[in-house]
Amino acid sequence: MVGSIEVKNGNTVYANGGINGHNGSEEKLDELRRILGKVDGDLLRIVGIGAGAWGTVFAALLQDSYGQFRDKVQIRIWRRPGRGVDRATAEHLFEVINSREDVLRRLIRRCAYLKYVEARLGDRTLYADEILKDGFCLNMIDTPLCPLKVVTNLQEAVWDADIVVNGLPSTETRDVFREISKYWKERLTVPIIISLAKGIEAELVPAPHIITPTQMINRATGVPIENILYLGGPNIASEIYNKEYANARICGSEKWRKPLAKFLRQPHFIVWDNSDLVTHEVMGGLKNVYAIGAGMVAALTNESATSKSVYFAHCTSEMIFITHLLTEEPEKLAGPLLADTYVTLLKGRNAWYGQMIAKGELSLDLGDSIIGKGTIQGVSAVGAFYELLSQSSLSVLHPGEHKPVAPVELCPILKTLYKVLITREQGVQAILQALRDENLNDPRDRIEIAQSHAFYRPSLLGQP
């Protein structure tokens, strides 16, 4: 529980800094407007780019908190036009609407109900941007949101935005922000960008290193890195919108992370701030890798708790080993990484994807963009981490063979996932074979190796 500490002007002020109440939200909005130099009549313009589950929920949270102050803030979300809703999804959406009296009444009041009746009957086609205006995200139909202001023209969405929220998958971030940069050439002010993307890419020249979404945005737009932040945490989008207690970190420059943490914080969604931008981003991508394997193990063993615990021991030891390569103080990441991994293994889309692949209900040929789920970012992350950690220039000493090896040789689960998902030279059963290998080291050994050797490779994060 979040303990309240005082009642001020009719609002409950919480120990975590959250303020519950109409006036409390307005105070936080006014404070951010002052920091950004906004005067009366000059709207604070916030736009979300991308309408996946988390990006949409993030925009909806802002709309619920601040949307009533129309003379002070404008909150919109951009998504590509033309994405049709298939008949089965339309039928399910109709059921969801009729199961929620508040949603049904809202649609009738907005004269928007009839189109859902017609779509259920097959008399018309619904479009994703159309239903988003009514509060329905194609990737989480079962969780109705508040109505949103939707823009399908990218230039219109971003050209004068003060705060841009990147809700795109990491695999789409670079291309979309390259296009956005064309519309910012005449800007006099520099926007603030908050990236929600969890994924990475690997670049091997001039030296092996990781590229994160915030770095992609910086390169694509020229926006200074101090104006680009990352927000992440152990969060399931639908649960956050339903006000399940959650927390997250916004990482980046002190100039913006502290005021934004206060602005985003709510009694049920606690936002802390941290200076370590890139490392937190990378950890957000790393846990998606191992979540896919967890889903496979769960499906192949009929949800065996013992088998899942064996997998968890090995995957966490590999993640700890990798964090020692990436950061000088890996112990600072242990809590956030394990928390994010835990929730992703329990209910995330990457674990779900692993389950569906193992059960044969999804084919790898479908790619990593799944209808109703969005992009499975763990797939590209498997390829990126494998390519990166396969480089001989990063060699570490093998504990058993006492010779230099690429780091990936000490990560059997990562190697197996690469062979299952990327090269497809092995079937999903290989993940169990990897766990049952009699020659597999105790997971503790891998952690001890990482802790007792100077493994830190700052070049992996592009640092000298």
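**Exercise 1. Describe how helices α16 and α17 pack, and identify the residues in contact.**

Solution.
Step 1. Helix α16 passes α17 in a left-handed crossing. This description, like those that follow, refers to a predicted model.
Step 2. The axes of the two helices are 9 Å apart, and the packing angle is about 125°. Angles over 145 degrees count as roughly antiparallel and those from 65 to 115 as roughly perpendicular; α16 is therefore oblique to α17.
Step 3. From α16, the residues V382, G383, F385, Y386 and L389 meet L414, K415, L417, Y418 and L421 of α17.

**Exercise 2. Classify the aromatic pair formed by W54 and F58, and state where the two residues lie.**

Solution.
Step 1. Six aromatic pairs are counted in the model. In the pair of W54 and F58, the ring centres are 5.7 Å apart and the planes stand at 85°. Planes over 60 degrees apart count as edge-to-face, and the pair is accordingly edge-to-face.
Step 2. Both residues belong to helix α2 (residues 53-66), where they are four residues apart, about one turn of the helix.
Step 3. W54 and F58 are both buried.
Step 4. Ring pairs also bring in F269, giving a cluster of W54, F58 and F269.

**Exercise 3. Classify the aromatic pair of Y386 and Y418, and decide whether each residue is buried or exposed.**

Solution.
Step 1. The ring centres of Y386 and Y418 are 3.7 Å apart, with 10° between the planes. Planes under 30 degrees apart count as stacked, and this pair is stacked.
Step 2. The pair links distant parts of the chain: Y386 lies in helix α16 (residues 377-389) and Y418 in helix α17 (residues 412-421), 32 residues apart.
Step 3. Buried means under 20% relative accessible area. Y386 counts as buried because its relative accessibility is 18%. Y418 has a relative accessible area of 15%, so Y418 is buried.

**Exercise 4. Determine the relative direction of helices α12 and α13, and the handedness of their crossing.**

Solution.
Step 1. Helix α12 (residues 277-300) and helix α13 (residues 305-326) have axes that come within 10 Å and cross at roughly 160°. Since angles over 145 degrees count as roughly antiparallel, α12 is roughly antiparallel to α13.
Step 2. The crossing of α12 past α13 is right-handed.
Step 3. Residues making the contact include V282, L286 and Y290 of α12, and Y311, C315 and I322 of α13.

**Exercise 5. Which residue lies over the face of W352?**

Solution. K373 lies over this face, at 4.9 Å from the ring centre of W352.

How values were computed
Residues are numbered from 1 along each chain as its sequence is written. This is a predicted model: local features need pLDDT of at least 70, side-chain atom pairs count only at pLDDT 80 or more; totals for chains, interfaces and linings use all residues. Side-chain values use heavy atoms; hydrogens and water are left out. Rings of Phe, Tyr and Trp (its six-membered ring) pair if their centres lie within 6.5 Å; planes under 30 degrees apart count as stacked, over 60 as edge-to-face and the rest as tilted. Buried means under 20% relative accessible area, exposed over 50%, partly exposed in between (1.4 Å probe, protein chains only). A charge sits over a ring if NZ of Lys or CZ of Arg is within 6 Å of the ring centre and within 35 degrees of the ring normal. Axes are lines fitted to C-alpha atoms, for helices over the stretch in contact, and angles run from 0 to 180 degrees between N-to-C directions. Angles under 35 degrees count as roughly parallel, over 145 as roughly antiparallel, 65 to 115 as roughly perpendicular and the rest as oblique. A crossing is left-handed if the near helix is turned anticlockwise from the far one by less than a right angle, and right-handed if clockwise. Contact means heavy atoms within 4.5 Å.
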